[in-house]
Amino acid sequence: MTEVRLHIYDVTNSDSDKTNNTIVQINKIFKDGIGLGGIFHSAVQVYGDEEWSFGYCEQGTGVFSCPPSKNPMYTYRECIVLGKTDFSIYKVNQILRELSREWPGCSYDLLSKNCNHFCDEFCEKLGVSKLPGWVNRFANAGDTAAEIVGNTAFRLRQAKTEIVSASKVAYRFLAGVASNSPESPGNTNRGAPRFQGTWFKNLISNGAKPSSSSELENEEASMNRLQKQQDAGTPLRHNSRDDI
């Protein structure tokens, strides 16, 4: 058995000292102050004098190693012992080879597939505790927020399409009622508004569930046929199943 250690860094790899100092202050407030989390890099050490982590690269694996607590890109923070693994060094090397194939550098994503996600999976395969929740909490929260925003945007676009289509149909209906109302000059089909009112009532009652664009187009086509019949003086009839 051997110890599995998690090395944690403040992410200070920006070219701007101001940005790096801001991140350090954020981590002090949110992690050290209230224990919520922060912006961290992590790496796992098991057997030997190397820590293993994951990062972006255009080609090849994103899995890499460096001396423990010595990653030059970040500011070292602390070490946490996650437990002991029963695996031999041979088995650990086998796990690392598998992870190297499964974690190409081009698949890196700041919110959904970062170094902390890699360390979580590595620790799970080693049979020890996963990372403390605060290490990757900001990324997990950001990933959830991004998904919610994406779904909300889709629903808003869908609702907007429904509203625009329904508004067009309602406008045509109201225009038809106005042109056929008793107050309108030259009105000869006094029964038309009653039939159209029934159609509009059905449209409202069916509006509880979203209509597809094809259904709206069929309704509009039916209205156009009805308007032509009215213009030609043809008696109105209710829509048959073939008309729908």
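Q: How many aromatic pairs does the count come to?
A: The model is predicted. Rings of Phe, Tyr and Trp pair if their centres lie within 6.5 Å. By this rule the count comes to 8 aromatic pairs.

Q: Is the pair of Tyr 9 and Tyr 74 stacked, edge-to-face or tilted?
A: The ring centres of Tyr 9 and Tyr 74 are 6.1 Å apart, and their planes meet at 55°. Planes under 30 degrees apart count as stacked and those over 60 as edge-to-face. The angle of 55° therefore makes the pair of Tyr 9 and Tyr 74 tilted.

Q: How many residues apart in sequence are the parts that Tyr 9 and Tyr 74 tie together?
A: Tyr 9 belongs to strand 1 (residues 2–10), while Tyr 74 is in the loop between strand 4 and strand 5 (75–85). The pair therefore ties together parts whose separation in sequence is 65 residues.

Q: Is Tyr 74 buried or exposed?
A: The relative accessible area of Tyr 74 is 18%. Buried means under 20%, so Tyr 74 counts as buried.

Q: Is the pair of Phe 54 and Phe 118 stacked or tilted?
A: The centres of these two rings, Phe 54 and Phe 118, lie 6.2 Å apart, with the planes at 25°. Planes under 30 degrees apart count as stacked. The pair of Phe 54 and Phe 118 is therefore stacked.

Q: Which helix does Phe 54 in strand 3 reach through its pair with Phe 118?
A: Phe 54 is buried at 1% relative accessible area, and Phe 118 is buried at 0%. The pair ties together parts that are 64 residues apart in sequence, because Phe 54 lies in strand 3 and Phe 118 in helix 3 (residues 115–126). The helix is helix 3.

Q: Which residue has its charged group over the face of Trp 103?
A: Trp 103 forms one aromatic cluster with Phe 54, Tyr 108, Phe 118 and Phe 122. At 4.7 Å from the ring centre of Trp 103, over its face, lies Lys 113.

Q: Which residue of strand 3 points the same way as Trp 52?
A: In a regular strand the side chains alternate between the two faces of the sheet. In strand 3 (residues 51–54), Glu 51 and Ser 53 point one way, and the other way point Trp 52 and Phe 54. The residue is Phe 54.

Q: How many bridges pair strand 3 with strand 4?
A: Strand 4 (residues 63–66) runs antiparallel to strand 3. Ser 53 stands opposite Phe 64 in strand 4. The number of bridges between strand 3 and strand 4 is 4.

Conventions
Residues are numbered from 1 along each chain as its sequence is written. This is a predicted model: local features need pLDDT of at least 70, side-chain atom pairs count only at pLDDT 80 or more; totals for chains, interfaces and linings use all residues. Side-chain values use heavy atoms; hydrogens and water are left out. Buried means under 20% relative accessible area, exposed over 50%, partly exposed in between (1.4 Å probe, protein chains only). Helices (H or I, at least four residues) and strands (E, at least two) are DSSP runs, numbered from the N terminus. Two strands pair if DSSP finds at least two bridges between them. Rings of Phe, Tyr and Trp (its six-membered ring) pair if their centres lie within 6.5 Å; planes under 30 degrees apart count as stacked, over 60 as edge-to-face and the rest as tilted. A charge sits over a ring if NZ of Lys or CZ of Arg is within 6 Å of the ring centre and within 35 degrees of the ring normal.
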